[in-house]
Amino acid sequence: MRKVFGENLRVLCQGYPSISGLCRDLGINRTQFNRYISGESFPRPDVLHRICGFFETDARILLEPVADLQAASGDMVNHPFLRGFFGSATIEISESLFPSGFYRFARRSFVDAHRFVLGLVRISRTDGYTFLRGFEPRNAVREQGLSMARRDREYRGIVMRQEEGIMAIVTHRDSLSCSFNFLTPETAFQSNLWEGYASRTVREKVTGDRATRMVYEHLGASARQALPSARKTGVVGVDELPPFYVHLLRPNQPFR
């Protein structure tokens with residue numbers, strides 16, 4: 001049983017760049033967490049509940065391989081009703097088209113049209129799928145009076161292939177709204193840039209945009225490469241954006 005649980009934890013940790021960071025998010029001592037992974041010990045019931053809640057699974061991870069649990073939960077993209085509509089052609093994204101690693105992105109703020117969001121996301125691949133994970137900038141959520149907790153700031157999404165690039169459907173935990181992102185390679189400046197747009201699933205309002213241009217820049221696979229950009233995430237003025245971002249975002253032209 002300890003062996004199954006340890007192997008399941010190793011699988012669940014694959015989507016996280018740092019075990020130390022994961023332990024901080026879980027509130028579990030790193031040494032104790034290593035004992036769980038190695039199969040030396042079990043967590044207490046309250047700690048097991050915390051682990052299951054974090055990874056969105058249940059206590060069967062003590063007894064059954066996590067791959068079986070994930071398969072049993074259903075695969076929406078390959079559901080028989082959608083077979084032939086969302087299949088391998090949409091989920092198989094080559095590294096050459098959209099590499100794994102860290103990306104800095106920029107778009108106009110949906111809350112304040114005079115400012116822009118600079119963010120950081122990580123693209124990873126697991127079980128044949130391409131996933132997106134990021135966190136809302138601290139100053140953005142602080143200004144809106146929202147929770148500053150890391151869990152509440154986190155968002156995730158699935159990336160799928162499109163005829164001219166890729167799309168991503170992104171949402172927060174337990175949320176009933178999401179955003180749709182479309183990106184296509186941009187080659188006029190450099191090969192690590194993608195341009196497109198982001199849109200929100202909200203009703204039309206007199207003020208505020210539901211769709212705006214977006215730029216992605218691939219920073220590489222190493223967290224060390226992404227760290228300088230991570231320190232600069234937040235809501236900024238147009239003068240704080242890289243000039244080639246401004247050129248692609250075209251802030252003075254309406255989005256069509």
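**Notes on strand β4 and the cysteines**

1. Ile158 sits in strand β4, a strand being a DSSP run of E with at least two residues, numbered from the N terminus. Keep in mind that this is a predicted model, where local features need pLDDT of at least 70, side-chain atom pairs count only at pLDDT 80 or more, and totals for chains, interfaces and linings use all residues. Residues are numbered from 1 along each chain as its sequence is written, and side-chain values use heavy atoms, with hydrogens and water left out.

2. How exposed is Ile158? With a relative accessible area of 22%, Ile158 is partly exposed; that label covers what falls between buried (under 20%) and exposed (over 50%), using a 1.4 Å probe and protein chains only. Ile158 and Ala168 are 10 residues apart along the chain, and their C-alpha atoms are separated by 5.5 Å.

3. Glu154 belongs to strand β4 too, which covers residues 154–162. Glu154 counts as buried because its relative accessible area is 4%. Setting aside neighbours within four places in sequence, Glu154 has contacts (heavy atoms within 4.5 Å) with Arg133, Gly134, Phe135, His172 and Arg173.

4. Have a look at the side chains of Glu154 and Arg173, joined by a polar contact of 3.3 Å. Such a contact is a pair of N or O atoms within 3.5 Å; within protein, one must be able to donate a hydrogen and the other to accept it, and residues adjacent in sequence count only if both atoms are side-chain atoms.

5. Cys13 is buried, at 6% relative accessibility, while Cys178 is partly exposed at 28%.

Methods:
Helix = DSSP H or I, 4+ residues; strand = E, 2+ residues; numbered from the N terminus.
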